[in-house]
Amino acid sequence: MNDAVAASASFAGLTAIKAAPLVLAALGGVLCERSGVVNVALEGQLAAGAFAAVAVAGATGNPLLGLVAGAFAGAALGLVLGVAATRFAADQIVAGMGLNVFALGACAFGVALVFGHPGASSEVPALGNAGEAALIVAALAAAAGLHALLYATPLGLRLRACGENPAAVRDAGLDPARLRALACAAGGALAGLGGVFLALAELDLYSDGMTAGRGFIALAAVIFGGWTPLGATAAAVAFGALSALQYLLQRSGIPSELMQALPYLAALAALAGLTGRARAPQADGLPETSRLD
Amino acid sequence: MKRGAWLPALVLVLAGAGATLLAGANPLNAAVELLRGALGGPQPLAETLVQTASLLFPALAVAFALRAGFFNIGADGQAVAGGLAAGLAGAAWPGAGTAALLAALAAGTLAGGAWGALAGALRGRFGGSEVIATLMLNVLAGLLASYLLGGPLRAPGATGPETAALPESAWLPVLLPDSRLTLALPLALALAVALQFVLTRTVYGFELRAAGKAPEVARRAGVDLGSLAFGTLTLSGAIAGLGGATIVTGILHRFDPALSPGYGFIGIAVALVGGLEPLGVVLAAFAFAILQSGSLTMQAFAHVPKDVVALLEGLAILTLASRRALVARAPAR
């Protein structure tokens with residue numbers, strides 16, 4: 001009995017740890033996509049957040065400064081995506097993939113320069129258990145906050161309008177390009193915080209490839225969650241639980257690849273319309289100058 | 001170079017110089033070491049040509065689909081599917097001689113095509129985004145290979161997810177002694193010529209380009225966009241799958257899940273720099289291969305971390321993402 005209690009407590013704890021970065025990145029993706037910019041660069045934003053956090057925490061000895069730096073690094077990449085997608089009329093997918101390649105390359109380059117040995121950083125002062133718990137709570141609070149922002153404030157209405165019909169936003173006298181860039185920067189900051197969690201809460205270092213495709217799992221959560229904050233959060237928590245289950249079921253004979261594959265299969269099913277009528281914002285991926293009727 | 005290409009070029013030169021200065025090296029010296037590592041002698045040149053072939057298959061796959069307005073960012077997954085099939089087929093009949101090589105290449109092409117067809121069906125039948133589908137299928141290909149080779153298809157004595165070693169008769173013939181330069185390069189070049197022919201001289205190629213430029217016009221002129229999506233993404237996957245098969249039969253001589261380390265993503269940059277024209281893509285692949293194959297020499301002798309190359313490749317994709325450089329991509333539903 002006690003074993004069962006202990007096992008479920010450790011399962012819940014492990015789920016929270018595995019889910020928190022996915023939730024943060026998925027919320028960043030939702031914010032970006034609701035404003036009409038497809039964000040395939042979540043992976044790069046996670047890596048940038050993780051690396052910047054470790055570099056600054058290592059240099060200053062203060063993990064909180066690292067946290068701020070990680071959020072800023074994610075926001076900077078988000079802003080580049082937003083500005084490229086609007087002012088420079090870039091194809092959002094191409095720009096996002098470019099940012100991924102750039103960010104992963106820049107982080108690997110940075111590790112080699114800052115820490116003097118390629119591949120991984122040294123151990124740096126981390127946030128500790130209290131910081132980890134605080135970030136987990138903050139991730140859930142961010143879900144509620146983003147839900148409130150999008151559905152209960154004028155700014156949220158405007159952001160969603162940019163994703164559904166940017167021409168109408170322009171007609172209302174607002175600048176959809178600016179709103180989209182803002183949403184991308186804020187979404188990037190959230191994803192950057194996801195990277196901070198990986199580097200300074202779950203671990204205390206940066207290593208190349210540590211994001212291990214979590215940005216793409218978060219993107220799957222955005223889609224499976226129907227492009228809503230609460231749906232994406234629920235999906236990210238479920239995907240985190242799958243990841244925690246892998247540790248618990250290591251010797252059960254269930255192939256771990258199957259559980260790793262489930263998030264991606266779920267996203268494909270959602271794309272094929274097998275999970276109901278959730279759909280992407282109408283102008284998701286389209287330039288803010290497009291007119292939809 | 002196309003008009004307007006000077007700005008991305010300037011950004012890249014400045015970023016490259018800045019990064020090497022940051023690393024405390026002389027940019028000119030770094031560039032010289034990079035070129036020496038890639039082109040200084042027959043062996044380095046052969047290795048650069050090996051990289052050219054490896055990049056050319058995914059780049060042609062991306063460029064071909066993008067001409068129709070479909071974005072295949074799953075060339076890596078298709079190469080894994082193709083490489084796995086090639087590794088299994090090539091090792092299945094040890095006494096078959098050259099037939100084993102042909103079987104491996106054919107199996108790789110088919111498997112890559114099947115992997116692309118999954119995304120094509122999702123786009124063509126259900127209107128789902130092929131971008132997200134190919135991205136998800138990238139990961140799924142790796143997981144499938146890892147599951148099959150760890151369990152049902154485990155090779156005797158294998159320590160990791162790899163197939164049995166291919167018999168020498170199933171290896172792609174080497175063109176230059178003591179190098180890894182194989183028939184893969186002429187094969188890739190022939191493929192580029194064939195794709196150029198398909199694009200410019202066939203009805204299918206015309207419909208494909210029409211759908212890429214103006215999908216609504218093509219639809220009203222009677223082009224079935226759903227079938228076009230399915231066919232084009234299948235073909236694109238087959239090209240990438242053949243690439244994976246050439247890496248297995250030409251370089252690794254067995255399947256290894258890491259056979260396509262990001263070539264599919266770099267292939268996007270190669271395709272864009274090549275202006276989505278097969279022959280332009282060939283030149284662009286050679287240019288990127290110089291970066292790839294010279295980077296280790298640069299790291300060793302100019303002390304600039306080789307990852308600067310990935311940084312620059314990412315910037316290249318970003319600066320070339322301008323919509324004006326691309327065909328009008330038809331949005332998924």
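Predicted model: local features only at pLDDT ≥ 70, side-chain atom pairs only at ≥ 80, totals over all residues.
**View 1. Where chain B meets chain A.** Let's begin at the boundary between the two chains. Here 38 residues of chain B are in contact with 38 residues of chain A. On the chain B side, five helices each supply at least two residues: H1 (6-22), H5 (98-126), H6 (130-150), H11 (263-273) and H13 (308-319). H6(B) gives the most, with 10 residues. Sorted by class, the side of chain B that touches chain A has 28 nonpolar, six polar and four charged residues.

**View 2. Helix H12 of chain B and its kink.** Follow H12(B) from residue 278 to residue 302, a run of 25 residues. From its first C-alpha to its last, H12(B) reaches 34 Å, close to the 36 Å expected at 1.5 Å a residue. Look for Gly294(B) along the way: a kink of about 40 degrees in H12(B) is centred there. After H12(B) comes His303(B), which has a positive phi, near 60 degrees.

**View 3. Helix H3 against helix H12 in chain B.** Two packed helices are described by the angle between their axes and the distance between the axes. H3(B), residues 42-67, packs on H12(B) at an angle of about 135 degrees, and the axes are 7 Å apart. Because of that angle, H3(B) is oblique to H12(B). Their crossing is right-handed. Residues that H3(B) brings to the contact include Pro44(B), Glu47(B), Leu55(B), Leu56(B) and Ala63(B). On the H12(B) side you can find, among others, Pro278(B), Val281(B), Phe286(B), Phe288(B) and Ser293(B). By class, this contact of H3(B) with H12(B) has 14 nonpolar, five polar and one charged residues.

**View 4. Helix H4 beside helix H6 in chain B.** The axes of H4(B), residues 75-92, and H6(B) come within 7 Å and cross at roughly 25 degrees. The two helices are therefore roughly parallel to each other. H4(B) passes H6(B) in a left-handed crossing. From H4(B), the residues in this contact are Asp76(B), Gly77(B), Val80(B), Ala81(B) and Leu84(B). They meet Leu137(B), Asn138(B), Leu140(B), Ala141(B), Gly142(B) and Ala145(B) in H6(B). Seven nonpolar, three polar and one charged residues make up the contact of H4(B) with H6(B).

**View 5. Helix H5 beside helix H6 in chain B.** Stay with H6(B) and turn to another partner. The axes of H5(B) and H6(B) come within 9 Å and cross at roughly 150 degrees. H5(B) and H6(B) are therefore roughly antiparallel to each other. The crossing in which H5(B) passes H6(B) is right-handed. In H5(B), look for Trp115(B), Leu118(B), Ala119(B), Leu122(B) and Arg123(B). Their partners in H6(B) are Glu130(B), Ala133(B), Thr134(B), Leu137(B) and Ala141(B). The contact of H5(B) with H6(B) divides into seven nonpolar, one polar and two charged residues.

Definitions and conventions
Residues numbered from 1 in each chain as written. Chains lettered and ligands numbered in written order. Contact = placed C-beta atoms within 7 Å. Helix = DSSP H or I, 4+ residues; strand = E, 2+ residues; numbered from the N terminus. Nonpolar A, V, L, I, M, F, W, Y, C, P; charged D, E, K, R; others polar. Expected span 1.5 Å × (residues − 1). Bend = angle between axes of the 7 residues up to and from the residue. Axes fitted to C-alpha atoms, helices over the stretch in contact; angles between N-to-C directions. Parallel < 35°, antiparallel > 145°, perpendicular 65-115°, else oblique. Left-handed = near helix turned anticlockwise from the far one by under 90°.
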